[in-house]
Structure formats: structure tokens, C-alpha cells
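Trainee: I am new to this structure and would like to look closely at one part of it, the surroundings of the ligand. Could you take me through that part slowly, in one connected account?

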Amino acid sequence: MRSIVLGIGSYLPERMITNDDLAKTVDTSDEWIRERTGITRRHFVAQGEQTSDLGVAAALRAIEDAGIEPASIDLVIVATSTPDNTFPATATAVQRKLGLPIGIAFDVQAVCAGFVYALSVADAMLVTGRARRALVVGAESFSKILDFNDRSTCVLFGDGAGAVVLAATEQPGHVTDRGILATALAADGRQYDHLFVDGGASSTGTIGVLRMNGREVFRHAVQRLAETAIEVVAKAGLRMADIDYLIPHQANRRIIEAVGKRLDIPADQVVVTVDRHANTSAASIPLALDVAVKDGRIKEGDLLVLNAMGGGFTWGAALLRW
Ligand code: UT7
């Protein structure tokens, strides 16, 4: 059995915030943000718009793209660090808003690596027959956990969602067949303090705001993103030169370029959307993937590596034949 992608969709909230907009209230500049990160704008949720709403909008597009009956989805996984509520899982809110019948639904919390984690968990459940059709969503409202007095973090993030519909299918099992060929996941809790939110249900009883040691995260990100991509390609017995597109987590253009260089993947085979979306955490990979599929770059049969790294630290990659 192999998990193949039947459809993909994404959604950005309407409200678009430029660097200049931020510079009106934050001690920063368009020039600094562009130079250090490559970001020019991001989208923020509207008043009352929740993470599940973003996830549902992306999911509806993915379901339409897949051309399936929504009721055939028996597994919903939402990767998010900004859930609607502490509980129930945002996945159950998505399930309810989509009008889905009884199935398995839960959230995965691996921050920016969340989508790759969720994809890997869904794949494991599909290939072992625990479910037949999965909706995997990455959805975030990071604007709700930013400290707008901290210019070193508040300019970096945005809101949005992306989703894929996966199906368990019987395949001959070759690397030339469509579907998820391999995944790799890892975490290192010793790095917990470099990127975290300073609140939570059992610590402060508040939501908290994002805190980051940017330089330390940058250093680890380049290393982990490269190493996890190498691992996943090796697992399938392939070489980096076989890759058609790298779809890395979108945190900083400089990180993405450094990873592309380390992996020896030409710049035109690395998908970059951080300029338009900023860092949307668990939503960044499906958002970027959707852009590259819809603009015609990624075609059926292409070999893709998705790789991400985030708070925890957590990191991982997925190798898939589109
Ligand atoms: O998904 C994983 C999550 N996060 C990441 O991957 C982010 C990883 N880290 C980064 O992308 C970079 O470290 C940052 C973009 C966060 C920072 O870039 P940097 O080149 O490492 O800058 P820096 O932190 O060394 O700061 C350089 C200067 C400092 O001023 P001084 O001390 O040199 O006078 C900062 O105060 O830039 C200043 N600065 C700013 N200036 C204008 C920091 N943020 C800003 C800002 N606007 N927004």
C-alpha cells in the first residue's frame, strides 16, 4: 500500500500586511526585513477568524481538487501550534465544519515541522490499513502569539493554511510510482529553550507569546534541514540529483538558499514563497507546494522533497512522487 496525494489546496486570510505597515508601529524597516529574511508581506487573520476556518478553506479546495466525496475521508490530522482552543483538537472543528461523518481526528503539534510530522503519521496509518483517506492540514494563526513589541520576531510570521487529501492505494512499490516514498522525523528536546511560547495551560494559564533565539535557530535550521533531506532520499535508495523540487519550510530566504546550496540543488528547483507568506509555521510547506503545483512547475511524476525544522527542536522530511 502507498499513500498518494489526490488533491491539494491552500488559503490565505484576506488581510495583507506589508513591511511598511508593520514599520508604522514597530521599530523596523522594509529594507531590514527584506535583506535579512526575504519577506515582503504576510497575511493576518481577521477578527473572529480562527485557525479551523483557515484549515477548512484550504481543505475545501483540496477536496475539490481531489474530486472526492468529503464523506469518504476517515482521518483528519491538523498540524498546528495555534489551535482554536486548548481542546478539543482543531481537527475535530475542521471535521465538524466540513460536515464529515465519524472518523479519526486529532492534532499534531510539532510547530514548523508539524506538516511533515502529520504527513508521516497519516502515511503510517494509511499504509497499515488504519484509514483509507486522509485529510492532512497545516493551519496557523501565528499573529495571535506574536509579541508586537519584539521586532526580532514579530516581523517574521504570518497566518494561513494548506491541505492535502491522501489515499491509500495499491502500487507495485517502485520508486517510479506515485506517492510517499519515505519520511524521516526527529526531535531534540535539549533545544527546547531556543524557540518556544512563554505560556500555556499548565505553566502560566495564559496563551503566551513566541520567544526565539534567532541566531541559534538559524544555525541549527540549515544543518537539520539539509541532513533530514539527505536521510529521506537515501532511505528510498535515490540520489539528491534525482530530485525535481525541494519544498522547504519557509522561514527565511537565507536559510532556504543555504540549504539548497548544501544539497547542491539549483535555485530554480527550490520553491520559495517566504517573500509573500512569511513564516506560517505548519502551513508553510502545503502553502508553498500548492503555489508550485498551481503555477504548473510541479507536474505528475515529479520527485519532491519536503523538509522542515521548528521549535522543540523538531525536524523531518518527506520524499514523494507527485
Ligand atoms: O521556523 C523556524 C523559526 N525561525 C527561524 O527559522 C528564524 C531563524 N533566524 C533568523 O531567520 C534570523 O536569525 C533573524 C531573521 C531572526 C535575525 O537575523 P540576523 O541576521 O541573525 O539578525 P540579528 O538577530 O543578528 O540582529 C542584527 C541586528 C540587531 O541589532 P544590533 O544588535 O546589531 O544593533 C537587531 O537588534 O538587527 C536588529 N534587528 C532589527 N532591526 C530592524 C532585529 N530585528 C530587527 C527588525 N528590524 N525587525
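In which pocket does the ligand sit?

Mentor: Before anything else, please keep in mind that this is a predicted model, and that what follows is computed from it. The ligand sits in the second largest pocket, and the elements that give two or more residues to the shell around it there are α2 (30-37), α6 (151-154), α7 (214-235) and α8 (253-263). Of these, α7 gives the most to the shell, with 4 residues.

Let us go on to the residues themselves. There are 23 residues around the ligand, and the ones that come nearest are Thr-28, Arg-36, Arg-215, His-249 and Asn-252.

Thr-28, already named among the residues that come nearest, has a polar side-chain atom 2.6 Å from a nitrogen atom of the ligand. Trp-32 places a polar side-chain atom 3.1 Å from an oxygen atom of the ligand, and for Asn-279, too, a polar side-chain atom lies 3.1 Å from an oxygen atom of the ligand. As for cover, the ligand on its own has 950 Å² of accessible area, and the protein covers 75% of that area.

Finally, a few details of the backbone deserve a careful look, as a separate topic from the ligand. The peptide bond from Phe-87 to Pro-88 is cis, with omega near 0 degrees, and Pro-88 belongs to the loop that runs between β4 (75-79) and α4 (90-97). A cis peptide bond also leads from Gly-312 to Phe-313, where omega is near -15 degrees; Phe-313 has its place in the loop between β12 (303-310) and β13 (314-321). In the loop between β5 (104-108) and α5 (114-127) you will find Val-111, whose phi is near 45 degrees, a positive value in a residue other than glycine.

Key: Residues are numbered from 1 along each chain as its sequence is written. This is a predicted model: local features need pLDDT of at least 70, side-chain atom pairs count only at pLDDT 80 or more; totals for chains, interfaces and linings use all residues. Side-chain values use heavy atoms; hydrogens and water are left out. A residue is near a molecule or strand if one of its heavy atoms lies within 4 Å of it. A polar contact is a pair of N or O atoms within 3.5 Å; within protein, one must be able to donate a hydrogen and the other to accept it, and residues adjacent in sequence count only if both atoms are side-chain atoms. Accessible areas come from the Shrake-Rupley method with a 1.4 Å probe; for residues, only the protein chains shown count as cover. On a 1 Å grid over the protein atoms alone, a cavity is a set of points where a 1.4 Å probe fits but cannot get out, and a pocket is an open set with protein on both sides within 12 Å along at least five of seven lines; lining residues have an atom within 4 Å of a point. A molecule sits in a cavity or pocket if more than half of its atoms lie within 2 Å of its grid points.
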